Amino acid sequence: MADMRLVVAGAGGRMGQALVRLIGATPGVVLAGAIERAGSPLIGQDAGRLAGLEPNGVLVTDDPLALLTGAEGIVDFTAPAATVELSALAAQMRIVHVVGTTGLSSEDMARLRAAGRHAVIVQSGNMSLGVNLLAAVVKRVARSLDAEFDIEILEMHHNRKVDAPSGTALLLGEAAAAGRGVDLAGHADRVRDGHTGARQKGHIGFATLRGGTVVGEHSVIFAGEGERIEFSHKAESRTIFANGALKAAMWGQGRKPGLYTMADVLGLADL
Ligand SMILES: NC(=O)C1=CN([C@@H]2O[C@H](COP(=O)(O)OP(=O)(O)OC[C@H]3O[C@@H](n4cnc5c(N)ncnc54)[C@H](OP(=O)(O)O)[C@@H]3O)[C@@H](O)[C@H]2O)C=CC1
Ligand SMILES: O=C(O)C1=N[C@H](C(=O)O)C[C@H](O)C1
């Protein structure tokens, strides 16, 4: 089978550069294009050189439509508005759209679901194997512990991150809520400030730290009477996310259109 031709959206960003490097080193995929937003100073630059490699001849453009006609997939770690637009183009082209972008609203998710009628969309707040396994463990543990155990989710990221709580923290919160059989939206304490009153039983709390160059760290804490169970994941490199994203792209090729998650890709969905 011919190599899967992939376009990287946000190719000049932290994740975009990691993807360009990994695509160059991964059998079965080839870099078919690189996109940045209109007006970006990166337009016209060589994507390989931007990623710290030898020039690869793929020049960054702001015209996704032209690139996607010659591609089987797009890997997208950008911003919510861009991701929603790209999902509509992926639907038009009937290709695979891997969405790593976080900070998506429920309206954005509805747009991705609609695009999934025609495209294969794989969306996850964290593409790593470790975090998706952690989510499966958290769901299972939450099923066994009642609301006497308070669930708190703590995350830390680098000082350039723009959304909070992180996509991973929310994914872990969804897993905990699913294990408990409740909906996260009605049970999440995403921010605490001032005289909040005592903790509400059954709620899932989030705490956000930002600083330095931390790639991504998450802990889920089950705090009970006289004991505490903690599960953590520490990302040491962005390659783990890029690796998951490429796995998702190849998994999606030839699959029925739909909105999928990394749990589907990794065979963890029924845990
Ligand atoms: N799911 C996962 O496993 C992971 C998800 N992420 C998420 O991925 C996203 C990107 O993270 P990161 O790489 O660190 O961020 P960066 O800011 O480094 O990169 C984002 C890139 O996307 C570009 N961009 C913005 N709008 C558009 C557009 N309309 N078209 C094309 N490119 C665009 C930005 O350009 P400009 O700077 O000019 O705006 C920038 O180059 C975040 O939402 C982050 O949370 C990150 C790591 C793992
Ligand atoms: O912005 C980041 O850097 C990351 N974003 C994702 C998130 O919001 O959880 C995944 C990872 O933790 C890095």
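Colleague: How far apart are the end C-alpha atoms of residues 130-266, and how much of the span is helix and strand?
Modeller: Those end C-alpha atoms are 11 Å apart, and the span is 35% helix and 28% strand. Helices (H or I, at least four residues) and strands (E, at least two) are DSSP runs, numbered from the N terminus.

Colleague: What does UniProt call that stretch?
Modeller: The unreviewed entry annotates residues 130-266 as "domain: Dihydrodipicolinate reductase C-terminal". UniProt positions follow the numbering used here, feature names are shortened, and annotations may be inferred rather than shown by experiment.

Colleague: OK, some ground rules before we go on?
Modeller: This is a predicted model, where local features need pLDDT of at least 70 and side-chain atom pairs count only at pLDDT 80 or more, while totals for chains, interfaces and linings use all residues. Residues are numbered from 1 along each chain as its sequence is written, chains are lettered from A and ligands numbered from 1 in the order written, and side-chain values use heavy atoms, with hydrogens and water left out.

Colleague: And which residues does UniProt list for the N-terminal domain?
Modeller: Residues 4-127, as "domain: Dihydrodipicolinate reductase N-terminal", again from an unreviewed entry. Over residues 4-127 the chain is 35% helix and 22% strand, with the end C-alpha atoms 19 Å apart.

Colleague: On to the ligands. Which residues come nearest to ligand 1?
Modeller: M15, E36, R37, T102 and M127, out of 20 residues around ligand 1. A residue counts as near if one of its heavy atoms lies within 4 Å. By class, this shell has 5 nonpolar, 10 polar and 5 charged residues. Ala, Val, Leu, Ile, Met, Phe, Trp, Tyr, Cys and Pro count as nonpolar, Asp, Glu, Lys and Arg as charged, and the others, Gly among them, as polar.

Colleague: Which polar side-chain atom lies 2.5 Å from an oxygen of ligand 1?
Modeller: One from T102. Oxygen atoms of ligand 1 also lie 2.8 Å from a backbone N or O atom of R14 and 2.8 Å from a polar backbone atom of M127. On its own, ligand 1 has 920 Å² of accessible area (Shrake-Rupley method, 1.4 Å probe), and the protein covers 76% of that.

Colleague: Last topic, the backbone. Where is the cis peptide bond?
Modeller: Between A164 and P165, with omega about -10°. P165 belongs to the loop between β7 (150-157) and α7 (167-180).

Colleague: Which residue other than glycine has a positive phi?
Modeller: R94 has one, near 60°. R94 is in the loop between α4 (80-93) and β5 (96-99).

Definitions and conventions. Polar contact = N/O pair within 3.5 Å; in protein donor to acceptor, adjacent residues only side chain to side chain.
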